[in-house]
Amino acid sequence: MASTLQLPVIDLSSPDRIGTAQSIRQACMEFGFFYLINHGVEQSLVGEVFERSREFFSLSEAEKMKLLHKRHRGYSPLYDEKLDPSVISKGDSKESFYIGPLELSDLNQWPSEENLPSWKATMETYYKRVMNAGKKLAPMIALALNLDEDFFDKAGALNPAEGFLRLLHYPAVHVGPLGTSDRLVYGASAHSDYGMLTLLMTDGVPGLQVCREKLRQPQIWEDVPYLSGAFIVNIGDLTERWTNCLFQSTLHRVMPTGSERFSIAFFLDPNPDCLVECLESCCTESSPCRFPPIRAGDYLEERLRATFSDPNIKI
């Protein structure tokens, strides 16, 4: 049995910006995860998005497959993705739907209004609200790194930022006693997120676990409890590169519990043309730069190709 993790709670509306930044710094160094409250996204809207998500995943497989993902937008069926390539399985036991930047609206795919009226409008509204929350959080991340609040703006990360909204459905999977690791069933196998920040909403069904020390063997996994109304925020691999591992992206996974589970992930990624390079404040003689500079879009495409086994994937 995994132990329960007590994550820090960050209040985005706090007037004490320096104190909030210090709390974020500690959270990112110790956990790579934290809860975010008073973020400005209404719970009524969150509830509506969960309801619309249920409606989509309740469609027939034939209807969903009409929207099969292209350019990292649209429907991803069960077992299409394997986040941990070392796992011996046909893929992760989940299905999902991706919505990319709204500015590139011709690339997104949408269910028909006839099948799901107001579905598109609901998702676009939620996308904008969470993007705003992420943009309010980014200056606090900069302060947590002892940078100017507008660092990520000046670096070209947010002009405009890349945002991907992902609806996730984990069907109820009943598993017997756990045997050897190659026989485990995963809703989402162990991985760290690829980009800058992830803002996650869950429906309260457990299953999310984190491993704080990803290089330690054996791995120790801890349950992340549900906190009503809060985003679960975690830093991604690009932030780890930026900070020279001062803020480490954290391994996490979703384990089946025998209950159906829904979640809504928003990936806040830098503009594809943003150059991600080690921050001077995070590079010292005793801790030299570990990663070469890389264009954010090139890095994300490389990671996505490996995940979906698709040499032609583009974001």
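Biologist: How many disulfides does the count come to?

Modeller: The count comes to 0 disulfides, a disulfide being a pair of cysteine sulfur atoms within 2.5 Å. Please note that this is a predicted model, in which local features need pLDDT of at least 70, side-chain atom pairs count only at pLDDT 80 or more, and totals for chains, interfaces and linings use all residues. Residues are numbered from 1 along each chain as its sequence is written, and side-chain values use heavy atoms, with hydrogens and water left out.

Biologist: Is C211 buried or exposed?

Modeller: C211 is buried, at a relative accessible area of 1%. C245 counts as buried too, at 12%. Buried means under 20% relative accessible area, exposed over 50%, and partly exposed in between, with a 1.4 Å probe and protein chains only.

Biologist: Changing topic: how many helices and strands has the chain?

Modeller: There are 7 helices and 15 strands. These are DSSP runs numbered from the N terminus, helices being H or I of at least four residues and strands E of at least two.

Biologist: What does helix α4 reach from its first C-alpha to its last?

Modeller: Helix α4, residues 119–144, has 26 residues and reaches 37 Å, close to the expected 38 Å. The expected span is 1.5 Å times one less than the number of residues. Just after α4, N146 takes a positive phi of about 60°.

Biologist: And what is the order of the open sheet of 5 strands?

Modeller: The order is β1-β10-β9-β12-β7, with mixed pairing; two strands pair if DSSP finds at least two bridges between them. β1 (3–4) and β7 (188–191) are at the edges with a single partner strand each, so one side of each has no neighbour in the sheet.

Biologist: How do β9 and β12 run?

Modeller: They run antiparallel, with 4 bridges joining β9 (residues 208–211) to β12 (residues 251–254). In this pair, Q209 stands opposite R253 of β12.
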